[in-house]
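Student: I am new to this structure, and I would like to go through it with you step by step.

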Amino acid sequence: MSDGVKADSAVQLLSPEGERVPDPRYDITLSDNELRGLYRDMVLVRRVDSEATALQRQGELGLWASSLGQEAAQVGSGHSLRPNDYAFPTYRDHGVTWSRGVRPLEILAMFRGVTNGGWDPVRAKCALYTIVIGNQALHGVGYAMGIQLDGTDDAVIAYFGDGATDEGDVNEAFVFASVFNAPVVFFCQNNQWAISAPRERRNRTPIYQRAAGFGFPGVQVDGNDILAVMAVTRDALARARSGDGPTLIEAFTYRMAAHTTSDDPTRYRHAEDLEIWRLRDPIERLKVFLARQGIADRHFFNQVDHEAADLAVVVREGVRAMAEPPSSAMFDNVYAEPHRLLEQQRVRLREYEASFVDGHAS
């Protein structure tokens, strides 16, 4: 069973009941428009997520990794970045990519198999999804070291899950970031499951405490509290910009859906656990706060719901309208410059396809 609302040391500014909680270590001041915008983004990201799950079940997507329940951790940290900061997400960080201006259909194109990437990472300042567990942490540190050499005050945030902290890539990224004092924030979404392996089977101490062994600070935050996530992430990014090096953030949250659409979580976790965490839903938490503070009313919430329904139509129709790329597209964007061997392979494929008549080889 999960151990409740949050870990004892986790930063929390908004209780599960939607009440403001004072914390002398962190604070944040947001305008009413900003607060409404955060709610809207989480609702829309969740709707994209639910539509993508349905599309996969209908055979329109090859696979889908849900972010259900992790919207506050993703949207909150993503909105803490400056325009020139760079994000290195995992394959389920749809709230992060949304915050960086990546369009949903650009994400879904990869899961439909019509593109190897989906969006321009330079434009979005957001790296493409990577399936190799944890290697984006190394990419993020490398980019951060480049920023350091350029002498800018930009920063990097690298995302990974709790299971990825067992990988060599993540720990090697910690070493490089510490030794070179790289301007990077490591953001671990501890959703308590590495596929079917529960958190208590993989580590005996909180993840954020591992940072001390590498020589930089770690902090645990209630990952379902978008205000706390933003406050902690902003603080860590400011620390990186000022030359004080990396920070490890452990966002304590819960994966409310399956690991991916090929997974059946009922085989390894208790239904009671899921019900406990439904009461900690990050969207409902902010909604209650907005309503109680008079920041948003029923008209606003209905308006967001209508916008989400319209977005769902765009997603469904857009995915089904995606054209299959020509087979020769596999050679595009492999190398930055023309490559003789690659061109030879492209010619052979063209000749092979030309040998078919009515779908049969001549």
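The questions and answers below concern a predicted model.

Student: How are helix α1 and helix α11 oriented to each other?

Tutor: Helix α1 covers residues 32–57 and helix α11 covers residues 282–292, and the two pack with their axes 10 Å apart at an angle of about 150°. Angles over 145 degrees count as roughly antiparallel. The two helices, α1 and α11, are therefore roughly antiparallel to each other.

Student: Which classes of residue make up the contact of α1 with α11?

Tutor: On the side of α1, the residues that meet α11 include Leu35, Leu38, Tyr39 and Met42, together with Arg36 and Arg46. On the side of α11, they include Pro282, Ile283, Phe289 and Lys287. By class, the residues of this contact of α1 with α11 divide into three charged, no polar and ten nonpolar.

Student: Which residues of α9 make the contact with α2?

Tutor: The crossing in which α2 passes α9 is right-handed. From α2 the contact is made by Ala72, Ala73, Val75, Gly76 and Ser77, and from α9 by Ile226, Val229, Met230 and Thr233.

Student: Why is helix α4 described as largely enclosed by the rest of the structure?

Tutor: Helix α4 runs over residues 104–112, and what covers its buried residues includes α1, α3, α5 and α12. The buried residues of α4 are Pro104, Glu106, Ile107, Leu108, Ala109, Met110 and Phe111. Helix α4 is largely enclosed because the buried residues number seven of its nine.

Student: Is Phe111 buried or exposed?

Tutor: Phe111 lies in helix α4, and, leaving out residues up to four places away in sequence, it touches Leu61, Gly62, Leu63, Trp64, Ala65, Tyr91, His94 and Tyr129. Its relative accessible area is 9%, whereas the cut-off for a buried residue is under 20%. Phe111 therefore counts as buried.

Student: What is the separation of the C-alpha atoms of Phe111 and Val319?

Tutor: Along the chain, Phe111 and Val319 are 208 residues apart. In the predicted model, the separation of their C-alpha atoms is 9.9 Å.

Student: Which residue has its backbone nitrogen 2.9 Å from a polar atom of the side chain of Asp85?

Tutor: Asp85 lies in the loop between α2 and β1, and it counts as buried because its relative accessibility is 0%. Not counting residues up to four places away in sequence, Asp85 touches Arg100, Lys125, Asp154, Ala155 and Arg241. Among these, the residue whose backbone nitrogen lies 2.9 Å from a polar atom of the Asp85 side chain is Ala155.

Student: Where is Lys125 found?

Tutor: Although Lys125 is not a glycine, it has a positive phi of about 55°. Lys125 is found in the loop between α5 and α6.

Student: Is Asn181 buried, partly exposed or exposed?

Tutor: Asn181 is found in the loop between α7 and β3, and its phi is near 55°, a positive value in a residue other than glycine. Its relative accessible area is 31%, and buried means under 20% while exposed means over 50%. Asn181 is therefore partly exposed.

Key:
Residues are numbered from 1 along each chain as its sequence is written. This is a predicted model: local features need pLDDT of at least 70, side-chain atom pairs count only at pLDDT 80 or more; totals for chains, interfaces and linings use all residues. Side-chain values use heavy atoms; hydrogens and water are left out. Helices (H or I, at least four residues) and strands (E, at least two) are DSSP runs, numbered from the N terminus. Buried means under 20% relative accessible area, exposed over 50%, partly exposed in between (1.4 Å probe, protein chains only). A polar contact is a pair of N or O atoms within 3.5 Å; within protein, one must be able to donate a hydrogen and the other to accept it, and residues adjacent in sequence count only if both atoms are side-chain atoms. Contact means heavy atoms within 4.5 Å. Axes are lines fitted to C-alpha atoms, for helices over the stretch in contact, and angles run from 0 to 180 degrees between N-to-C directions. Angles under 35 degrees count as roughly parallel, over 145 as roughly antiparallel, 65 to 115 as roughly perpendicular and the rest as oblique. Ala, Val, Leu, Ile, Met, Phe, Trp, Tyr, Cys and Pro count as nonpolar, Asp, Glu, Lys and Arg as charged, and the others, Gly among them, as polar. A crossing is left-handed if the near helix is turned anticlockwise from the far one by less than a right angle, and right-handed if clockwise.
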